[in-house]
Amino acid sequence: MALLVAAMLALVFIGSLIVYPGMIRDEREQSINELDRLEHTIEREMQTLLLSAKDWATWDDTYAFIQGSDDNYAASNFSRNMFEDLDYQFMLFFDRQADLHWIAGIDPASDRYDSCPGQSDDCAWAKSYADKLRPLLGSANQPASTHLERQGDRLYYAAIHPIFRTDESGPMQGWLVQIQFLDDQWEARMAAQTGREVDVLPLPPAEVPPELQITPTGDGRIHVAKTLSLNPRDAPTLLSTYLPRDAFLERMATVRYAQWWTAGLLLTVIVLVLLLLELVVLHPLRQLATFTQQAKQDATQAELPERLLHRQDEIGALSREFLHLIQHQRHRTSQLLNLSQTDHLTGLANRRLFDERLNDLMDASQPPVPVAGILLDIDYFKNYNDFYGHPAGDRCLTRLAKCLQQTVQQLAIDRSLLARIGGEEFAVILPGTSPSRVAQLADALCSAVAQMKLPNDKSRLGIVTVSVGVAICAIDELSPPTLLARCDAALYRAKQRGRNRIECDLGKASRSHAEERL
């Protein structure tokens, strides 16, 4: 059941995190592309208006009219039918001082046609537009431009072009501005061109323009809108349209159908898999687990079912291997114990075995005997490692360990133990050995290392040497800490007195034996 729930959740997550977001991204990209297409269409409309303004502004008759030398220009060129046929509302003529020279066109408020000088009261309705557009005229060298402006709740294009002769000779005499409103007639024309409902609305000044808005309408369409920014100075406006969602809804239905179909198929497969899993795997594994629990309590009484041993699959192989492991458990335990008591680099006894042997020798339950200890430390070994490198240091330790082991074996002292107890420290335990034999072994060890003549440029003698501390604990003072502390103190004296030396602490029969080698 948990597996089925997990599989269903996986399907839901795949749909929610991968499929549906991908579909929404596609719809968003489609909306952006469609709005971009509409915006480009609006830009082309503005460029068309600008070309019309250019035709008028670079006409020699217009050049003469703005200079006041063509009195028949307005009467012969302007009429209501002309403005209605050309789909723009009115034109403004400015002189070189940016004063309003002439107004011709249809009043958007009263729908009355007027053609009169800029100072005339009959064309007063156009002066508010002129005042708003005058700052956009700029200098004589400023190129033509188009703008999307707002007057009250009305939006309009403004195409501005300087007035020149047709061959662009002579100085500029003013500016011509053509105005086209984004009214119902304009929206109908845009819908015919683009095949979409186009709506351009002014935004309140305090409202933050949206980057993109996508809103489902509930009738199989979405309403998409974004800020129209043709010119940074233009009035903030919202461009919107409606797009069908047929493809999106079909894909959504297909995905949901696929999820339900997959869930049903998955349920059937899971039931079959669980049944086979119980018969082929789980029941045999429970038998094997019961056997392992019995073997843990008493390996001699545990019995493994024969049918498990005869299986020719992984469970049968595991059962046979488990029997093999039980048979070799003691052997492996013995090997592990040996590994835990051996230094991995030198092969000598490690600190753990050294401590265990020392404690056993000084255990009160054993017949007490004097115990001697020899502590050896390689001189200047840190400098050796720093100069030659740690791999060379490891090789040096291995060769010294072999030399020390051979020296101990040659003297054949019973029950002695040589161990590596630290980085460059070695120790020998000598139970029941006479002081003379202990001093003999210490001297032999120190001499054997020096005779190897291993190079050490960081040593005073130029070769590898050892400093040796020797101590003996009598029967009445047996204690591992005591023996080690006295050996360490003797080793410290050897270090302080020049290294490559032997210092002895023989307890009640204390004597000092110091000899500098080479």
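Me: What volume does the second largest cavity have?
Reply: About 40 Å³. A cavity is a set of points on a 1 Å grid over the protein atoms alone where a 1.4 Å probe fits but cannot get out, and its volume is the space filled by probe spheres set on the points, joined across faces, edges and corners. This is a predicted model, where local features need pLDDT of at least 70, side-chain atom pairs count only at pLDDT 80 or more, and totals for chains, interfaces and linings use all residues. Residues are numbered from 1 along each chain as its sequence is written, and side-chain values use heavy atoms, leaving out hydrogens and water.

Me: Which residues line the second largest cavity?
Reply: Lining residues have an atom within 4 Å of a point. Here they are Asp379, Tyr380, Ser459, Arg460, Leu461, Thr465, Gly498, Arg499 and Asn500. By class, two are nonpolar, four polar and three charged.

Me: Where does Arg499 lie relative to Tyr380?
Reply: Arg499 lies over the face of the Tyr380 ring, 4.4 Å from the ring centre. Elsewhere, the charged end of Arg154 sits over the ring of Phe181, 5.6 Å from its centre.

Me: How many cavities of 30 Å³ or more does a search of the whole structure find?
Reply: Two. The largest has a volume of about 50 Å³, and its lining includes Phe354, Ile374, Val428 and Cys487. By class, that lining has nine nonpolar, one polar and no charged residues.

Technical notes:
On a 1 Å grid over the protein atoms alone, a cavity is a set of points where a 1.4 Å probe fits but cannot get out, and a pocket is an open set with protein on both sides within 12 Å along at least five of seven lines; lining residues have an atom within 4 Å of a point. Ala, Val, Leu, Ile, Met, Phe, Trp, Tyr, Cys and Pro count as nonpolar, Asp, Glu, Lys and Arg as charged, and the others, Gly among them, as polar. A charge sits over a ring if NZ of Lys or CZ of Arg is within 6 Å of the ring centre and within 35 degrees of the ring normal.
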